[in-house]
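Here are my notes on this one, as promised. Have the viewer open while you read.

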Amino acid sequence: MSLVVPGPWARPDVPGLLRRHWPLLPLAATVLFLLAPLPAGDATASGKVGPADAASLLLVFVCAVQALRGRVRALTPLGVLVLGTPAVGLAVATMTAGDPYAALPGFVRYLQVFVLVPAAVVLLVRDAAEFRLAAGCFVVLALVQGAVGVVQYATHTGASYQGQDVRAVGTFGPGDVMGMATVVAFGLVVATAVALAPGLPQRVRRIAGGVSLALVLPLVLSFSRGVWIATAGAAVLVMVLAGIRRALKVLLALAAAGVVLVGGLGVGSEMVAERLTSITQVSSAPDQSVTDRYTMWAAAESMWRERPAVGVGLKGFPAHRDGHASLGLSSGSDTAGAGQAYLRQPLLSPHNMYLLILSEQGLIGLIALAGGWMALLVAGLRRLGSPTGMRDCGLIAIGLLVWQLTDFLYADIGGPSTVLTGVIIGLAAWWALPSRGVAGPPRGAAAHRAAASGAGSRGRAPGVAARR
C-alpha cells in the first residue's frame with residue numbers, strides 16, 4: 001500500500017483541486033488579494049475595506065451556506081467555547097464604552113478578525129490537503145511581496161529609511177511598513193516547517209528549504225526589528241519541535257545565508273547593524289520610536305487602571321491617549337517614499353496588542369481573547385506530541401501562532417494584513433481542536449478514495465491519504 005500525501009506538497013492537479021476544494025477559494029483570495037497594491041499616497045488603510053477584507057466576508061458567507069447544507073466540520077464543545085468566547089468580551093466592551101456608537105466599528109473589526117474568520121477557517125478546512133492549500137497561499141504571497149521589496153531596495157524606490165528610499169515595503173506602501181515584513185515572515189515560517197517536517201517527499205522539503213532561505217533577504221531589508229524577533233523565535237521553536245539534528249542544519253544554513261548577504265555582499269550591512277544594535281539600546285539610549293512606544297504602553301496601563309474590568313471601550317485609546325500620556329510622546333511618525341510624499345501619521349494605538357486589549361476591553365476582554373489563544377497553543381503542542389501523519393500541519397500551525405503571539409508584544413492589529421491574523425488563528429484552531437467527525441458528503445481526498453473504491457473492479461488500487 002502506497003502513501004499519497006495530498007495537497008500542494010505533492011504535484012498539483014489545478015483543475016481537480018478547484019473542483020474538489022471550491023469552498024476554499026475565498027480563503028485563498030483572502031490571503032492572495034493582499035498582492036493588490038495600495039493606491040499611491042494612501043498612507044493608511046484604517047477604516048477602509050480592502051480586497052482581502054471583502055474576500056474574508058465572502059469566506060464567512062460561504063461558510064454559513066455550507067453550514068446550512070451540513071457540509072462543514074463538526075466542532076467539539078471546547079471548540080465552540082474557544083472560538084465563541086471572544087464575541088462575549090467584545091460585546092461587553094462595546095456596551096460599556098462611553099460612546100457605544102463610536103465603539104461599533106471596532107466591534108465589527110474585532111469580530112471579523114478574532115471570531116468570524118477563524119471560525120470559518122476551522123469549519124471549511126476539512127482535511128490536511130486543504131490545510132496545506134491554505135498554507136501554500138502564504139508562501140506564494142511572501143515570495144511575490146518579498147521580490148517586490150528586494151527590487152525596491154535595489155532601485156531605491158522603497159519607503160524612506162535614514163534619508164534613503166531603501167526600506168522594503170512591498171505593495172503595502174510606507175503607511176504600512178510592517179505589512180511586507182509580516183507576510184514574508186509568515187511565508188518563511190511555513191516554508192521552514194515544511195522543510196523540517198518528517199514524512200514529506202525529499203524534493204518538497206528541499207524546495208521549501210530553498211524558499212525559506214530566499215525569504216531571509218526581503219525580511220532583512222524590511223528593517224523591522226519586531227518582525228525579526230518574532231520570526232527568529234517562531235523558526236527556532238519549529239526547528240526544536242521538528243528535531244535537534246534538523247534544527248542545527250537549518251540554523252547553520254540560515255547563519256551562512258546571513259553572513260553571505262550582509263557580510264559578504266554588503267546588503268544593507270550598516271543599516272542592519274544599526275537596527276540590530278538598537279534592539280539592545282531600548283533602555284540605555286532609545287530612539288524616538290522606542291520612547292513613543294514606552295510612553296503609549298504607560299498610557300494604556302493608566303487607562304486600564306481607571307477601568308480595570310471593561311476598559312475605556314473599543315476604539316477608545318486615541319480619545320483617551322493625551323489624558324494619560326506623558327509629554328515625551330511625539331506627535332506622530334514620519335512616512336515617505338514608495339510613491340508617497342512626506343506625511344506624518346498620528347500614533348493611535350500602543351503598539352502592543354495585549355495592552356491595547358487591556359486598555360480598551362479590560363480584564364474581561366483580555367481573558368476572553370488571550371486566554372483562548374493560550375488554550376490553542378497548549379492544545380496544539382499536546383497534539384503535536386501524539387502520533388499523527390500530519391506533523392507538517394502541526395508545525396505550521398504552531399509556528400504561525402507563536403509568531404503572532406510574539407509579535408503582539410510590540411505590535412497590534414491595523415492595516416490590510418490584519419485579516420491574516422484571523423486566518424492564522426483559524427489554522428491554529430483547526431490543528432488544536434480536532435473534529436469528532438465531518439458532516440455532509442466527502443470532499444477532497446476522501447472523495448477520491450470513494451471513487452477509487454468504486455473503480456476497484458477495473459484494477460485500480462486506491463491510495464491512502466492522511467485524513468483528519
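1. Phe186 is buried at 1% relative accessibility (buried is under 20% relative accessible area, exposed over 50%, partly exposed in between, with a 1.4 Å probe and protein chains only). Phe138 is buried too, at 1%.

2. Bear in mind that this is a predicted model, where local features need pLDDT of at least 70, side-chain atom pairs count only at pLDDT 80 or more, and totals for chains, interfaces and linings use all residues. Residues are numbered from 1 along each chain as its sequence is written, and side-chain values use heavy atoms, leaving out hydrogens and water.

3. The whole structure has ten aromatic pairs (Phe, Tyr or Trp rings, the last by its six-membered ring, with centres within 6.5 Å; planes under 30 degrees apart are stacked, over 60 edge-to-face, the rest tilted). In one of them, Phe138 and Phe186 have ring centres 5.9 Å apart and planes at 85°, so they sit edge-to-face. Phe138 belongs to helix 6 (residues 128–155) and Phe186 to helix 7 (residues 177–196), 48 residues apart in the chain (helices are DSSP runs of H or I, at least four residues, numbered from the N terminus).

4. Ring pairs also tie Tyr110, Phe114, Tyr354, Trp373 and Phe408 into a cluster. Within that group, Trp373 is buried, at 5%.

Conventions:
Helices (H or I, at least four residues) and strands (E, at least two) are DSSP runs, numbered from the N terminus.
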